[in-house]
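Okay, thanks everyone for coming. Have a look at what's on the screen, and I'll talk you through it.

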Amino acid sequence: MRPVHQGSKKPNRTRGQTDKVENEPSCNGHYRANGNLAAFRAALQKHMAFDLFCSNKRYQIYSIGVTWMMLGFVVPLVYLVPYATSHGMEHDRAALLLAILGLINIFMRPLAGIISELHCLSGKHIYLFSGAVLVNGLSNCICGIGASFTVLLAFVVVYALSMSFVGSLLFHVLMEIVEMPRFPSALGLLTIMESVTLLIGPPLCGLLVDTTQEYKYVFYACCCAVVSSALFMGVAFNLLERDEGKTRDPPKHAAPLSLDCQYTGITPGSRAGQRSISEYITTV
């Protein structure tokens, strides 16, 4: 959407010009429609970063990984309270778990941002992000141990800590992958992609609950989805960096020395060495 230019005036046209425009062949409307469609496609390609998704392998890997991660990333927050109450926990204590998760997230996100800016982690944010996603996915297995308040509290603490790093690094990693002029469009496409899996994740898990009559399988499914996305991003980026390193730094072979520079076994201090040097200077 663009702002309308205020104060712009349409050029005055004579009666003949008006009649000419009104009497144009209908095929001109077809040309204008094709032109508008081409302009729409160009704008869509520019502002939605489809070209960047096809050309930038890092952005492609990251977008697919984050999209797959969202399939099970927030689902535990939806089913945590029903899981606890279905095993006899009071509703207030179950809701307290979400409150604790929110408080940990509030205080840990700034700290996670500070930790990610350490010099030793420079250039390794994608691996820190993948590690946080991996821990977040594995934390869902804690819920399979039991549904007591102590067990679910341990799950909430681990989940909130890892979620803080994921939330702090989600856009930071994207800034390192794409150029800043393309960041808004890259963020737009990534948001649309992850919103699709974010939308279908809870209903799919609800179907799993209806089928198995057990909430614990939801957390196992979320574990599989999130852990697989973390492994995919970490391994894919590592392989990509190896390939780029081989391309960037080809093996260097020493150029053969000329005859004047090759070692002859004669030391400079000897008479033969002094004679060889004097002969070389005279030749030059």
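This is a predicted model: local features need pLDDT of at least 70, side-chain atom pairs count only at pLDDT 80 or more; totals for chains, interfaces and linings use all residues.

Numbering runs from 1 along each chain as its sequence is written, and side-chain values use heavy atoms, with hydrogens and water left out.

So, what do we have? The chain has 11 helices and zero strands, where helices are DSSP runs of H or I with at least four residues, strands are runs of E with at least two, and both are numbered from the N terminus. Of the 284 residues, 33% are buried, meaning under 20% relative accessible area with a 1.4 Å probe, counting protein chains only. And of the contacts with a separation of 6 or more, 77% are between residues 24 or more positions apart.

Now for helix α9, residues 183-212. How does helix α4, residues 57-69, sit against α9? Their axes come within 8 Å and cross at roughly 30 degrees; axes here are lines fitted to C-alpha atoms, for helices over the stretch in contact, and angles run from 0 to 180 degrees between N-to-C directions. That makes α4 roughly parallel to α9, since angles under 35 degrees get that label, over 145 is roughly antiparallel, 65 to 115 roughly perpendicular, and the rest oblique. On the α4 side you'll find Tyr59, Tyr62, Ser63, Val66 and Thr67, and on the α9 side Ala186, Leu189, Leu190, Met193, Glu194 and Thr197.

Is Thr197 buried or exposed? Buried, with a relative accessible area of 11%. Setting aside neighbours within four places in sequence, Thr197 is in contact with Thr67, Met70 and Leu71.

The other partner I want to show is helix α8, residues 149-177. Helices α8 and α9 pack at about 130 degrees with their axes 10 Å apart, and that makes α8 oblique to α9. Phe171, Leu174 and Met175 of α8 meet Phe183, Ala186, Leu187 and Leu190 of α9.

Conventions: Buried means under 20% relative accessible area, exposed over 50%, partly exposed in between (1.4 Å probe, protein chains only). Contact means heavy atoms within 4.5 Å.
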